[in-house]
Amino acid sequence: MEHPENSEEYVGLTVNKGVAPVSIVNPYLKRGRFARRKLSANDYVEGILKGDTSILGQAVTLVESQNADHQQVAQEVIEKCLPYTGKSIRVGISGVPGAGKSTSIDEFGLHVLKEHGGKLAVLAIDPSSERTKGSILGDKTRMEKLSVHPDSFIRPSPSAGSLGGVARKTRETIFLCEAAGYDKIFVETVGVGQSETACHSMVDFFLLIQLAGTGDELQGIKRGIMEMADGIVINKCDGNNVEKCQLAATHFRNALHMFPMPDSGWMPKVLTYSGFYALGIKEIWDMVYQYIAFVKHNGYFDYRRNEQSKYWMYETINEQLQGSFFRNPTISDMLVAEEKSVLEGRKTSFVAAKQLLDTYYKLMHS
């Protein structure tokens, strides 16, 4: 629609066209000046050993990258950092969603840093969307005190659909953090399930956080997860919930007596606490340090770490084989046709899988 001021009635009235919008970016900006310098493997190692959190963060991003070139540099960095690793206490923290893991870690971390000194790294695994594969990575917002503490390093990582909610590269990240001087590592996992094996296989102490008064006191007693726990703690033991928490603790203790004695020789303890009010935190960490002293004395500490190294060797082999299979161009082309055959009912899943594998083996031998 034309402007009315342009009609003949308003002869003599001049309407300016106005000024064209100006770009908010400075036209004289030289982008090259702000480009991040590409670091070599030695640069990463040097920065990590100095405790530079910026370079440590970049190295973790490199480890998590799917890019083949990035992976090559990352493996070189990890190899050079290995002599400086292994001197930390690694604690896995798991529990049902809403059990207060992030709030508890905030209080646990402050207590450990205050009472035992040193440096703390928190590797918080954030659940990824199955639909979009994206993550919120909002754990730092729930760890208000630790996120501003000078001796802590919080790294949220997307779970990316990996086993047990533990990010695929968390174990390698642990090595980088240890080389950077972090002598206490917390690994927070997503949810609870039989597949928490992945977290259990990279930590020294596995702490399970439970809740009371959620309808079924025995709901949390799952054999797989209970047998892995080195300590069980019941959160939100405050106000009107104290009695329920103590009753739940009794149920858990009774359940633990029905399981065989763990290989470590340590009978898991059940404690109650309040993460929100910071009550009972000292008792939990006294238990953790008692356990570490106990397993170091009887030799189980070193045995478990060696078993973990063996476990991750096989996991890496499986991962590399899977990657090699799906990246093969012939297999990629075949997958579409075989998938269609299965969906249309012309082949069973097993026959299609066997044909794909047979083709892959022939390609490998040719």
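Contact here means heavy atoms within 4.5 Å. Keep that cut-off in mind for the tour.

**Before you click**

This is a predicted model: local features need pLDDT of at least 70, side-chain atom pairs count only at pLDDT 80 or more, and totals for chains, interfaces and linings use all residues. Residues are numbered from 1 along each chain as its sequence is written, and side-chain values use heavy atoms, with hydrogens and water left out.

**Stop 1: Val122**

Select Val122. Which residues does Val122 touch, not counting those up to four places away in sequence? They are Ile105, Met143, Leu146, Phe153, Ile154, Arg155 and Phe186. Val122 sits in strand β2, residues 120-126. Helices (H or I, at least four residues) and strands (E, at least two) are DSSP runs, numbered from the N terminus.

Is Val122 buried or exposed? Val122 is buried, because its relative accessible area is 0%. Buried means under 20% relative accessible area, exposed over 50%, and partly exposed in between (1.4 Å probe, protein chains only).

Val122 and Ser152 are 30 residues apart in sequence, yet their C-alpha atoms are 7.5 Å apart in space.

**Stop 2: Arg155**

Move to Arg155, one of the residues that Val122 touches. Arg155 belongs to strand β3, residues 152-158. Its relative accessibility is 15%, so Arg155 counts as buried.

Show the side chains of Thr61 and Glu64. The side chain of Arg155 makes a polar contact of 3.1 Å with that of Thr61. A polar contact of 3.3 Å links the side chains of Arg155 and Glu64. A polar contact is a pair of N or O atoms within 3.5 Å; within protein, one must be able to donate a hydrogen and the other to accept it, and residues adjacent in sequence count only if both atoms are side-chain atoms.

Leaving out residues up to four places away in sequence, Arg155 touches Gly57, Val60, Thr61, Glu64, Val122, Leu123 and Ala124.

**Stop 3: helices α2 and α6**

Select residues 53-64 for helix α2 and residues 170-179 for helix α6. Their axes come within 10 Å and cross at roughly 160 degrees. Axes are lines fitted to C-alpha atoms, for helices over the stretch in contact, and angles run from 0 to 180 degrees between N-to-C directions.

How do α2 and α6 run relative to each other? They are roughly antiparallel. Angles under 35 degrees count as roughly parallel, over 145 as roughly antiparallel, 65 to 115 as roughly perpendicular and the rest as oblique.

The crossing of α2 and α6 is right-handed. A crossing is left-handed if the near helix is turned anticlockwise from the far one by less than a right angle, and right-handed if clockwise.

Color the contact residues. Leu56, Ala59, Val60 and Val63 of α2 meet Glu172, Thr173, Leu176 and Cys177 of α6. The residues of this contact divide into 6 nonpolar, 1 polar and 1 charged. Ala, Val, Leu, Ile, Met, Phe, Trp, Tyr, Cys and Pro count as nonpolar, Asp, Glu, Lys and Arg as charged, and the others, Gly among them, as polar.

**Stop 4: helices α1 and α2**

From α1, Asp43, Tyr44, Gly47 and Ile48 make the contact; from α2, Ile55, Leu56, Gln58, Ala59 and Leu62 do. The contact residues of α1 with α2 comprise 6 nonpolar, 2 polar and 1 charged.

**Stop 5: Arg305**

Go to Arg305 in helix α11, residues 300-327. Its relative accessibility is 12%, so Arg305 counts as buried.

Arg305 and Asp204 are 101 residues apart in sequence and 7.6 Å apart in space, C-alpha to C-alpha. Their side chains make a polar contact of 2.7 Å. Apart from residues up to four places away in sequence, Arg305 touches Gly86, Ser88, Arg90 and Asp204.

**Stop 6: two loop residues**

Most residues other than glycine have a negative phi. Select Lys236, in the loop between β6 (231-234) and α9 (242-257). Lys236 has a positive phi of about 65 degrees, although it is not a glycine. At 36% relative accessibility, Lys236 is partly exposed.

Next, find Ala278 in the loop between β7 (269-272) and α10 (281-298). Ala278 has a positive phi of about 55 degrees and is not a glycine. At 36% relative accessibility, Ala278 counts as partly exposed.

**Last stop: zoom out**

Show the whole protein chain. It has 13 helices and 7 strands. Of its 366 residues, 42% are buried. Among contacts with a separation of 6 or more, 73% join residues 24 or more positions apart.
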